[in-house]
Each structure stands twice: as structure tokens, then as C-alpha cells.
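Dear colleague,

I am handing over the structure below, followed by an account of what was found in it. Please read the account with the coordinates open beside you.

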2 protein chains.
Amino acid sequence: MFVHRFLILTTIGLLFATVLNVQGKAIITVADSSSEHTDTDLENLPEIPVFGHTNPDTDAIGSAIAYTAYLREHKTNAKAYRLGTLNKETLYVLNYTGAEMPPLLPDNIANGSQVILVDHNESPQSMKNLKYMQVIRVVDHHKIGDLTTVFPVYLRFEPVGCAATVLAKTFFENNFKIKRTIAQLIISAIISDTLYFRTASTTADDHYVVEKLQGISEIKDLEAYSTEMFKAKSDLSGYTTRQILLLDYKSYVFNGQSWGIGVADTWYPDFLFNLKKLLAQSLAGLKM
Amino acid sequence: MFVHRFLILTTIGLLFATVLNVQGKAIITVADSSSEHTDTDLENLPEIPVFGHTNPDTDAIGSAIAYTAYLREHKTNAKAYRLGTLNKETLYVLNYTGAEMPPLLPDNIANGSQVILVDHNESPQSMKNLKYMQVIRVVDHHKIGDLTTVFPVYLRFEPVGCAATVLAKTFFENNFKIKRTIAQLIISAIISDTLYFRTASTTADDHYVVEKLQGISEIKDLEAYSTEMFKAKSDLSGYTTRQILLLDYKSYVFNGQSWGIGVADTWYPDFLFNLKKLLAQSLAGLKM
């Protein structure tokens with residue numbers, strides 16, 4: 001049996017009336033079936049950077065490291081990167097877990113390179129030249145912005161509290177063996193993004209993932225651990241007002257206008273209220 | 001313990017230097033946890049249309065029906081629709097499976113309504129006014145085009161041969177009990193999109209889903225069934241050349257130019273080759 005497939009193309013500017021016998025086009029994909037391989041095998045494959053948004057938070061960093069670990073088990077030479085300086089909470093988490101700080105993404109990534117995004121998808125929050133890259137995977141929990149691709153793509157977006165929650169669900173589905181460090185990073189990311197299950201964005205899935213991973217993580221007292229994380233983040237001493245504004249700052253385009261949204265979490269609100277005037281002055285300097 | 005969260009907003013045109021104490025915003029989502037409920041309970045919820053692309057094929061229709069069945073088990077008043085006339089292959093499949101033909105999507109869907117897309121994501125292939133709707137879920141296997149949302153969204157894109165393959169994977173992950181009709185529709189969609197595993201877009205996942213569902217589907221001879229599907233599709237008699245061009249026709253924007261890509265599958269290539277001149281004339285009439 002043989003089925004003929006015909007492609008008929010039209011365009012506004014130009015008219016093609018050719019009837020073509022098409023062979024089909026290859027799709028670049030990442031194998032989802034795990035198998036035995038060594039790091040040396042992987043190094044022969046092109047490196048694929050994995051990174052979260054600029055002004056990285058604990059989810060952006062933790063998800064990049066966790067997804068990299070998963071992808072390297074699935075025949076992908078993934079490498080975690082960061083797009084900026086880490087805040088004190090994330091530094092505390094890396095120190096606690098013993099995970100290595102991902103290096104800064106170099107600014108000479110060749111056009112057309114494959115890249116993988118976590119915890120963001122909009123170009124104003126990503127690497128420069130994102131539009132010249134081939135985005136092959138995105139795992140996120142935000143609205144979808146200006147992402148487009150030329151090839152079919154792997155996307156996994158869920159409206160949950162944290163990108164690491166979505167990642168953990170895919171790990172469970174694919175029976176990925178989650179190690180202690182990765183479990184700690186996922187739990188830390190969820191605690192950070194949901195302010196330990198306090199935000200309105202918190203879902204049952206965020207609770208479920210933390211409960212399921214707590215044993216592996218060996219974090220006995222989650223409440224105490226989250227307090228240590230927030231204390232680290234609350235230490236805004238040593239930051240300029242401009243640095244405070246940019247701690248967790250994301251850019252968006254709404255109705256053709258560029259907006260920036262910055263968040264500063266602290267246990268010591270008076271510290272920020274006393275800086276109100278200086279913060280306002282620094283804001284003016286952020287206008288692009 | 002109480003953590004204060006501060007939001008600092010900037011914009012190009014306008015400068016807000018207000019320091020706000022934010023309560024967080026509600027996220028509209030679809031519950032993913034199944035529980036006992038009746039159709040009467042569902043009817044009290046707003047109806048959410050589920051549909052594939054215009055000029056629907058077997059995947060667009062089968063995935064809309066299958067996803068609707070799943071979502072209705074998960075407290076969502078989903079309803080399957082179609083965006084156009086069915087081709088003869090899809091009519092054959094509906095007749096074989098006994099599934100009801102989804103009605104045409106009405107053209108008076110109120111702006112701001114929630115909608116769910118399968119097997120497409122680009123506005124030129126979707127309902128009119130898609131940009132005024134709230135897209136809450138997309139399950140697809142294509143490149144991502146001009147989709148944007150205001151709220152966090154559920155997206156599941158995988159570079160596999162068929163949207164129904166992605167759906168089936170989510171059904172397996174969530175232990176959804178797949179009935180015979182749904183299994184038949186999923187298998188038919190995969191056979192249709194991959195030309196029974198012949199296209200370059202075919203993946204191991206497409207094979208896996210068909211193997212896993214064949215028992216439930218009670219389709220004993222897949223080869224014979226696919227032959228019947230393709231014979232039905234190959235029957236291009238009774239179509240005008242314009243209808244042939246539009247049988248499986250999708251619109252794209254590449255580099256600011258509008259392109260249309262149409263596919264006609266047939267066992268009888270001479271039938272189409274003999275129509276070459278007439279097809280070319282009809283193509284001219286399709287220029288927008």
C-alpha cells in the first residue's frame with residue numbers, strides 16, 4: 001500500500017501552483033526514553049543551555065539545575081546557566097543543598113543554537129537574541145507572551161505556584177529518580193514562589209510535590225527551613241535602592257506599553273517604608 | 001510568621017512609585033483532581049468550547065471529542081465543537097466509532113469567554129476573534145505561533161506525530177479510564193496524521209499510544225482499518241477543485257507574509273495530476 005501526499009502552497013505576494021510529492025521534514029526533538037550512557041557520550045553532543053529568567057530567583061535557578069539533571073539522564077547534553085546575580089535567598093539555598101552555582105550564560109551563543117527555558121517564556125525576561133535561538137523546550141507556570149518557534153516544540157505550562165512543581169510532575173510521570181539535592185532545590189523553589197503556601201497562586205499540586213519529596217530531601221522541619229530562607233532574603237542591607245528594585249524584576253509588554261514589575265519580600269517592612277523616597281527616585285532611573 | 005510582599009511598578013509612559021501591599025490575584029484554572037459529580041452539576045458551570053483547527057481533520061475532531069470526555073470527568077463543562085465541514089475520512093471514523101459529530105462553533109461566542117484549543121494554536125487557523133477569548137488550555141504537536149494569554153495557562157505541546165498522542169499521554173498519567181470510542185478516535189487520529197506511521201513526524205510515542213490502546217479499541221486489524229480510512233479520504237469525487245484545496249488547508253504568517261499550506265492525500269494520484277490546471281486556477285482564487 002502506498003499513499004501519495006500532495007502539498008499545495010499559496011501566498012499573498014507570490015503564487016505557487018506546483019503539485020509536489022513531499023518526503024516530509026525531520027523534526028529535531030529530545031529523546032524521552034532513558035538509557036545507559038556516560039557523561040563522555042553526552043559531551044560529544046552539542047551543549048544545550050537551560051536557564052530561567054533575568055534577575056533570577058530560587059525557582060529560576062533551582063528549576064534550571066533540576067531540569068538539567070533530568071535531561072542529562074535522557075541523552076541531552078544540557079547545562080544549567082543563570083541570567084544575572086543571585087539574591088541572598090537563592091545563595092542560602094545553594095549553600096544548604098550543596099548545589100553548584102550555575103555560571104552566567106555567555107553572551108556569544110551562536111544564532112540558531114538550541115536553548116531550553118524554565119520559569120519564563122517572554123523575550124524581555126530572557127537572554128538577548130532569544131529570537132535568533134531555537135527554543136526546543138519550555139517548562140513554565142506563567143502566562144504565555146511572545147514565544148514563537150519554527151519547529152514543533154515541547155511546552156509544559158501549568159497554572160501552578162512554581163515552575164519546579166511542573167518539573168516535578170514530569171519527573172514523577174517519567175519515573176525519574178530524584179536525588180536529595182534536586183528534591184531540596186524543588187522544595188526550596190516552591191517555598192520561595194508560594195511564600196510557603198501563602199500566595200493566591202498556590203495550588204494543590206504545589207502541596208503534593210513538597211509532601212512527596214520531603215522524605216528524599218531530608219528537610220525535617222519545613223517551617224523552620226522556610227523561615228531561614230525568608231530571613232536570608234529579608235536581609236536587604238548592602239543593597240542599593242536600585243538593586244532592591246531589581247531583585248525580582250520582570251519586564252512585560254501590555255497593550256504596546258513596556259511595564260516592569262518588581263517584588264521585594266521582607267520580614268522588616270519598615271526598612272522598605274523608610275526607603276520609600278529613595279526607591280521612587282531610583283524607579284525614575286529605571287525608565288527605559 | 002508573616003511575610004510582607006511589595007510590588008513596585010514602572011512603565012515607559014507613566015511612572016508609578018507606589019509601594020503596595022498586595023493580596024495576590026486569583027488564577028482561573030481547571031481542577032485536575034477527579035471526583036464524583038453528575039452532568040447536571042456540570043451544566044451549572046459555564047460551558048467551555050473545545051475545538052481543533054479550521055478545515056478539520058481526524059485529529060482536530062478526535063482530539064476535541066477525547067479531551068472533552070476527559071475534562072468533563074474533571075469538573076469542567078467542556079463541549080466539543082468543529083470549525084468547518086468534515087472530510088470523508090473523518091466522517092468514516094465517526095461512523096465507525098459511533099461518536100457524535102461535534103456541532104459547528106457558533107459565531108456569537110462572547111468576548112472574554114474561556115476556550116480550549118487542540119491540534120492548533122495559531123489564530124489564522126482558529127475561530128474568528130480568538131484574540132478576544134481567554135485561552136485556558138492548549139494541547140498541540142505543532143510549532144507555537146502567535147498565542148498569548150493574560151493569565152497563566154495550561155499548555156502541553158510535544159513534537160510528536162499527532163495531538164491525540166499528547167492527549168493520550170496525559171490520560172495515562174492521570175489514570176483516566178479511556179472508553180472504547182475514545183480509544184478508537186485516538187488511534188484513528190494517529191493513523192490519519194502519521195499516514196499509519198509513514199510520515200517523518202512519527203515518533204515512538206505515537207506507536208506506544210496505539211499499542212497501548214488497541215486492546216480497548218477492539219480494532220483487531222489496524223492495517224485493514226487504516227486502509228478503509230485512507231480509501232474514504234481518497235474519494236475526491238464530488239469535490240470541486242476549490243474544496244480539494246481546502247480539505248486540509250492551514251494559514252500561517254512567515255516573515256510578515258501570509259502563507260496557506262494545503263494537503264490532499266489520495267491513493268489515486270492520477271486523479272489529482274489530471275486536475276493540475278484546474279487546481280492552479282482555483283489556487284488563484286484563494287489569494288486573499
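Which residues do ring pairs link into a cluster in chain A? They are Tyr67(A), Tyr70(A), Phe171(A) and Phe176(A). Please keep in mind that this is a predicted model, in which local features need pLDDT of at least 70 and side-chain atom pairs count only at pLDDT 80 or more, while totals for chains, interfaces and linings use all residues. Residues are numbered from 1 along each chain as its sequence is written, chains are lettered from A and ligands numbered from 1 in the order in which they are written, and side-chain values use heavy atoms, with hydrogens and water left out.

Over all chains, a search of the whole structure finds 22 aromatic pairs (rings of Phe, Tyr and Trp, the last by its six-membered ring, with centres within 6.5 Å; planes under 30 degrees apart count as stacked, over 60 as edge-to-face and the rest as tilted). The rings of Tyr67(A) and Tyr70(A) have centres 6.0 Å apart and planes at 20°, so this pair is stacked. Both residues belong to helix H2 (residues 58–72) of chain A, where they are three residues apart, about one turn of the helix (helices, H or I of at least four residues, and strands, E of at least two, are DSSP runs numbered from the N terminus). Tyr67(A) counts as buried because its relative accessibility is 2%, and Tyr70(A), also at 2%, counts as buried (buried is under 20% relative accessible area, exposed over 50%, partly exposed in between, with a 1.4 Å probe and protein chains only).

Turning to chain B, all seven residues of strand E6 (residues 134–140) are buried. Strand E5 (residues 114–118) of chain B pairs with E6(B) in the parallel sense over five bridges (pairing requires at least two DSSP bridges between two strands), and Val115(B) stands opposite Val135(B) in E6(B). E6(B) is also joined by four bridges to strand E7 (residues 154–157) of chain B, and these two run parallel. Here Arg137(B) stands opposite Tyr154(B) in E7(B), and Arg137(B) also lies over the face of Tyr154(B), at 4.4 Å from the ring centre (a charge sits over a ring if NZ of Lys or CZ of Arg is within 6 Å of the ring centre and within 35 degrees of the ring normal). In chain A, Lys212(A) lies over the face of Phe172(A), at 4.5 Å from the ring centre.

Finally, in helix H2 (residues 58–72) of chain B, 14 of the 15 residues are buried.

With best regards

Key:
Expected span 1.5 Å × (residues − 1).
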